[in-house]
Amino acid sequence: KTSTKSLMRDVVIAMMPAVIVSVLCYGWSELLVLGVSVASCVLLEYLITKYMLNKPCTVGDMSAVVTGILLALNLPASTPWWVVFIGAVVAIGVAKMTFGGLGQNLFNPAIVGRVFLLISFPTYMTDWTRPQGFIGGGIDALSGATPLGAVKEGGIAAIESLDYSDMLFYNIGGSAGELSAIALLIGFAYLLIRRVIKPYITCSIIATVAVFSGIFWAINPAEYTDPVFNILTGGLLLGAIFMATDYVTSPMSNVGGIIFGVGIGIITMLIRYFGAYPEGMSFAILIMNSVVPLINKWCHAKKYGR
């Protein structure tokens, strides 16, 4: 009874807690980003399949909707609509349909769109001004930066007043999908219950980040952030739950999934601690996406009868 459409529908349902929190906190501006992103992704896939590829329309499988929501959750709520549209063009037109559509793309489309925008429009992509939301005026940002950005600029002292409960329930600064770790974990639980994904990739990413950051934090807690901070901040949970587990761009075996997750965790922390960007989750997933064919070659089930 499982179909592509049913799987994508479950992913959309799992993202709803994060979507609801983002809309409540950011208000109309986040609704605009979501609307433009989803509508653009669906429309572009329809036009490309119908008029460029001359194939049956594939928008009914809801994969374009998933890409649109993920792209929106990876953007600041203040992103201009035309920047969101460009991200959708790159995500659907370049990262997905250029390869032949769903099932053939090497890289996660939403992450490709997000990284393209981050490199091309850094001013818009790092504008963490908190607009008026539906549940009050929002909470104050950390000097206009995300917690990871504050650490990168001012060190550990910049987050001394940060309460971890804020990051768990109502994060300070960041993309729309980073607001609430609880909302993301609710979605993760739903996907596990519905057996849409297996826990190996997500858990291996989180465990690797915890071990890696724990070692550095134990060596020098005055310079390096602790494991809880690294798990709850940035796009780690969003990426580990909804993007690294993408069927098309992740390994097919459980062992391969663990290797994939460990690689993502290590690269993420290397970028966070030693790279120019405060966040490294998107880059880590893209890098490991490119390694998936090799992982599938190394880690695969024995052929029947051999």
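1. Buried means under 20% relative accessible area, exposed means over 50%, and partly exposed lies in between, with a 1.4 Å probe and protein chains only as cover. Y273, at 15% relative accessibility, therefore counts as buried.

2. This is a predicted model, in which local features need pLDDT of at least 70 and side-chain atom pairs count only at pLDDT 80 or more, while totals for chains, interfaces and linings use all residues. Residues are numbered from 1 along each chain as its sequence is written, and side-chain values use heavy atoms, with hydrogens and water left out.

3. On confidence: pLDDT is the predictor's confidence in each residue, from 0 to 100. The mean for the protein is 89, and 93% of its residues reach 70 or more. Helices (DSSP runs of H or I, at least four residues) are numbered from the N terminus. Confidence is lowest in helix 8 (residues 164–169), with a mean of 70, and highest in helix 10 (residues 200–219), at 97. Over residues 137–143 the pLDDT is below 50, and this stretch has 18 contacts in the model beyond near neighbours in sequence. A contact means heavy atoms within 4.5 Å.

4. On the aromatic rings: rings of Phe, Tyr and Trp (its six-membered ring) pair if their centres lie within 6.5 Å; planes under 30 degrees apart count as stacked, over 60 as edge-to-face and the rest as tilted. The structure holds twelve such pairs. One of them is F212 with F216, which is stacked, at 4.9 Å centre to centre and 20° between the planes. The two residues are separated by about one helical turn because they are four residues apart in helix 10. An α-helix has 3.6 residues a turn, so residues three or four places apart point the same way.

5. How is F212 classed, buried or exposed? F212 counts as buried because its relative accessibility is 15%. F216, at 22%, counts as partly exposed. F212 also pairs with Y273; this pair is tilted, with 6.3 Å centre to centre and 40° between the planes. The pair links distant parts of the chain, since F212 is in helix 10 and Y273 is in helix 13, 61 residues apart. Ring pairs link F212, F216, Y224, Y273 and F274 into a cluster.

6. On helix 7 (residues 147–154): P147, L148, G149, A150 and V151 are buried there. Their cover includes helix 11 (227–232) and helix 13 (254–274). Just after helix 7, G155 takes a positive phi of about 80°.

7. On the loop between helix 10 and helix 11: N220 lies in this loop. N220 counts as partly exposed because its relative accessibility is 25%. N220 and I156 are 64 residues apart in sequence and 11 Å apart in space, C-alpha to C-alpha.

8. On the surface: which elements give two or more residues to the nonpolar patch? The patch itself is formed by M16, I20, L24, W28, L31, F134 and I135, with about 680 Å² of accessible area together. The elements in question are helix 1 (4–26) and helix 2 (28–52). Helix 1 gives the most, with three residues. L31 has its place in helix 2, and L31 counts as partly exposed because its relative accessibility is 34%. Patches are made of residues with over 30% relative accessible area and no salt bridge; like charges are joined within 9 Å and nonpolar side chains (Val, Leu, Ile, Met, Phe, Trp, Tyr) within 5 Å. A salt bridge is a side-chain nitrogen of Lys or Arg within 4 Å of a carboxyl oxygen of Asp or Glu. Accessible areas come from the Shrake-Rupley method with a 1.4 Å probe.
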